[in-house]
Amino acid sequence: MTDNRAEFAGRHIGPGPADTRAMLAALGLPSVETLITQTVPKSIRLNRPLHLPGPATEAEALAELSEKMGRNHVLKSFIGQGYHGCRVPPVIQRNLFENPAWYTAYTPYQAEISQGRLELLFNFQTLVTELTGLPVASASLLDEATAVAEAVGIAFRHHREKRSRVVLAGELHPQIVDVVKTRAEPLGIEVNGGEIDADTAAVIVPWPDTFGVFHDHSTVIAKAKAADALVVVVADPLALTLLEAPGKQGADIAVGAMQRFGVPMGYGGPHAAYLAVSDRLTRLIPGRLVGQSTDTKGRPGYRLALQTREQHIRRDKATSNICTAQALLANMAAAFAIWHGPQGLQTLARRVHAPAARFSAGLTAAGFAVAGKEIFDTVTVTVEGQAKRIAAEAERTGRLIRVIDENRVGISFDQTSVEEDLQALSGLFGATPPSEAELMLPERRRGENFMTQPVFHEVRSETEMMRYLRRLADKDLALDRTMIPLGSCTMKLNAAAEMMPVSWPEVANMHPFAPAEHAVGYRAMTDELEGWLAEITGFDRVSLQPNAGSQGEYAGLLAIRRYHHSRGEAHRKVCLIPSSAHGTNPASAHMAGMDVVVVRCTEEGDIDTADLTAKVEQHSQNLAALMITHPSTHGVFEEGVKDICALVHEHGGQVYLDGANLNALVGLARPGDIGGDVCHMNLHKTFCIPHGGGGPGVGPIGVKSHLAAFLPGHVEAGTEHAVSAAPYGSASILPITWMYIRMMGGTGLKQATELAILSANYIAERLKAHYPVLFKGRNGRVAHECILDTRVLKESAGIGVEDVAKRLIDYGFHAPTMSWPVAGTLMVEPTESEPKREIDRFCDAMIAIAREAERVAKGEWPAGDNPLVNAPHTAAETLAADWTHPYTRLEAAYPDGDPDSSAKYWPPVSRIDNVAGDRNLVCSCPPIEALAS
Ligand SMILES: Cc1ncc(COP(=O)(O)O)c(C=O)c1O
């Protein structure tokens, strides 16, 4: 029998042996090892294999993980506390959640190839504005706790950082309080329950509170208004389908978790949080916002709006660092709302409320004290010293309830609760629920007249839903159709075997606060994964909690901050950051209470060591950290990186290594050995978690042992300083990375890195005659990505980088990263997963575009009317009766001269006008009445 253990690596890696030989030949190299020796500085090379288990086949890895996760003891959860059982409609599970057309897409920065996911995100925003009664909603945040913290950030900025108090007007879930306190402390914001005064930036109103009770907050809201403090309402979106919208009650901001809109609990995530604001706060809204604009033909089209607010522009002035969010899960929530419609959602909400009201009535009749008269789904019962005993009994019936303290338990009903649950849970208290009970909802209700937009009424049959999701997906270019060569984003294969475990019930249906002994399978998987990531990166401890790269940065910098504080060096606040850094770096540093000092880069793209040395020396006494990306955001390995780390250490600073480019390091070098004290790993880049059209993501951090005590904790574990709502952040997608590492083994991972570097160098070689390749390392090599300078086309033909990016769409490609880190350039990262044939197709397209530009330069095509400036071309224009352009229809739509009509991608819109869209911001569908007028 042949040993097929390495079979998976062979399939994950696109180029086969013959392709590898051909690429090496093009580079004039005898072997991959020669290339790696030329590319990766000897001083940082790892001279031993990674200590990881050998590769497993797909079947073996699945069986091994299944055995592990099978050790989870998944009981029906009545814990609530922000996480609820729900039913994922199978039509959404299969056609969206498990559909690569949706989960392999990238963040919709290129609007024209993203209309499908933008449309659904726009519907998500509309849903949120309808539920909250506030006019502008973002396209998702990472989780409920960070969303509340983001709301605090808005309030802080709204008051120009001059007010320093946040008042909690009621009991929030403990995990929210902890995250808000973590985020508030470095900014000097005090969070407490005291009086509202002139220093109060925001008042946070839970609706309902952590005990499930709706209180009347009208007095508090009036006081907040009088003090000009912002009112932040934290509300359950399912309850809001029955209740008056927070906007009507005076909320300036509303936030909450959309998990129970058809997204599994997944042991804590991922799921989307929502955030909506009043008009005056629009420009302070964190994260991504989908807006509507028009294309060149005046057709409506969606695009990401107000990008100028993002950290890329605000950098160290930003109060939010969010980048990757939860697009896929927001889209699931939107699809759930479209599937059920407003009345369906209300029916669902009533079905959740009814057992809670009956349960409460039964307990009251049996003499128990229950919290509050107005509730939605949660009953908090006083049980005088009996909480643990009752929870244990509930467990024996197969149900988990919340132990609040010795004397109180909480029971939350959800979409999956049935009569048997109600009877069994009542029985624990010796109570009998009445067959019907009075509604216990607050008086402030909404009628039926909401979500009136057609989209929430049109899709009712499964056939329509399946086609609706397909129609949207067909508008987009995702990895299931073409290479997405986005530099710094690492759009590699998300293999089917890696994705399958995410849907397993023992992975999907676990509550994050289930007793530890119920999550032993999860724990076995996370322990192993932490160990593997520590070995791969050279660190002593790993925290899996941060649920995006940005959150990893933040958690890592907080660890550094707390380390300095623990040594009595709280004055160490200066964070040095090279000018080429990703925008999240300075934003995270600012949020961690540090002062950013920018370090120059050289013409070659390296850190300017003279400037660095000068700044390290100048700030020696106050140096907190240096944040560097390695290989750099310019796509090169810096020769002197070890010396740079040593210099920072000599001056008492810590080194934060941004691990976004780990795909160039795995198996070849380790950030921990290079000198990093802490590093985040984007599992949604190097370790195969799909981008989902803008999230989910996972951004674990590895730290050296001296920082281990400062990793994020969690209230459920009796510790503090959490950065995410759940102890393991987006736990249910961690099996994707586990599967990847398990199937690749150490040798497969190293080979993947080598091929990623080979493919990037091959592209640089093929395209260098047409586009200067900026920034090369020693021996003229790039790392795993290369920056192509398209400004030459601007000079010769007036063709801008945007024209090249949009013309690539006509060739069937998603553009590379545009104008970052250098304006007017494209950063190309092929990854190891792309077959050589696809890489060649891309290079051919880029060369053809350079030739098209030449024709413009020569005057064959006018500067204002050529296939580049008019790109992309829709089917409607190309087939229109009158064709007035100086190039042919074929040249417009089938520019590679080899029309494969079945594979042709037709963009649904032509170029979108971003500027006009920002000027006339439309971020949600108008209500039907507005259309009628
Ligand atoms: C270099 C770099 N650092 C940090 C980040 C932020 O990571 P995330 O989007 O996961 O928050 C990115 C994202 O693309 C990046 O490229």
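Visitor: Which residues does the UniProt annotation "domain: Glycine cleavage system P-protein N-terminal" cover?

Guide: First, some ground rules. This is a predicted model, in which local features need pLDDT of at least 70 and side-chain atom pairs count only at pLDDT 80 or more, while totals for chains, interfaces and linings use all residues. Residues are numbered from 1 along each chain as its sequence is written, and side-chain values use heavy atoms, with hydrogens and water left out. UniProt positions follow the numbering used here, feature names are shortened, and annotations may be inferred rather than shown by experiment; this one, from an unreviewed entry, covers residues 11-426 and 456-715.

Visitor: Which residues come nearest to the ligand?

Guide: A residue is near if one of its heavy atoms lies within 4 Å. There are 14 residues around the ligand. Those that come nearest are Thr324, Ser488, Gly549, Asp658 and His684.

Visitor: How far is an oxygen atom of the ligand from an N or O atom in the side chain of Asn682?

Guide: A polar contact here is a pair of N or O atoms within 3.5 Å. For the side chain of Ser488, the distance to a ligand oxygen is 2.7 Å. A backbone N or O atom of Ser550 lies 2.8 Å from a ligand oxygen. For the side chain of Asn682, the value is 3.1 Å.

Visitor: Which helix gives the most to the shell around the ligand?

Guide: The shell divides into 3 nonpolar, 8 polar and 3 charged residues. Here Ala, Val, Leu, Ile, Met, Phe, Trp, Tyr, Cys and Pro count as nonpolar, Asp, Glu, Lys and Arg as charged, and the others, Gly among them, as polar. With 3 residues, the top giver is helix α21 (residues 549-566).

Visitor: What volume does the largest cavity have?

Guide: On a 1 Å grid over the protein atoms alone, a cavity is a set of points where a 1.4 Å probe fits but cannot get out. Grid points are joined across faces, edges and corners, and a volume is the space filled by probe spheres set on the points. The search finds 12 cavities of 30 Å³ or more. The largest has a volume of about 280 Å³.

Notes: A polar contact is a pair of N or O atoms within 3.5 Å; within protein, one must be able to donate a hydrogen and the other to accept it, and residues adjacent in sequence count only if both atoms are side-chain atoms. Helices (H or I, at least four residues) and strands (E, at least two) are DSSP runs, numbered from the N terminus. On a 1 Å grid over the protein atoms alone, a cavity is a set of points where a 1.4 Å probe fits but cannot get out, and a pocket is an open set with protein on both sides within 12 Å along at least five of seven lines; lining residues have an atom within 4 Å of a point.
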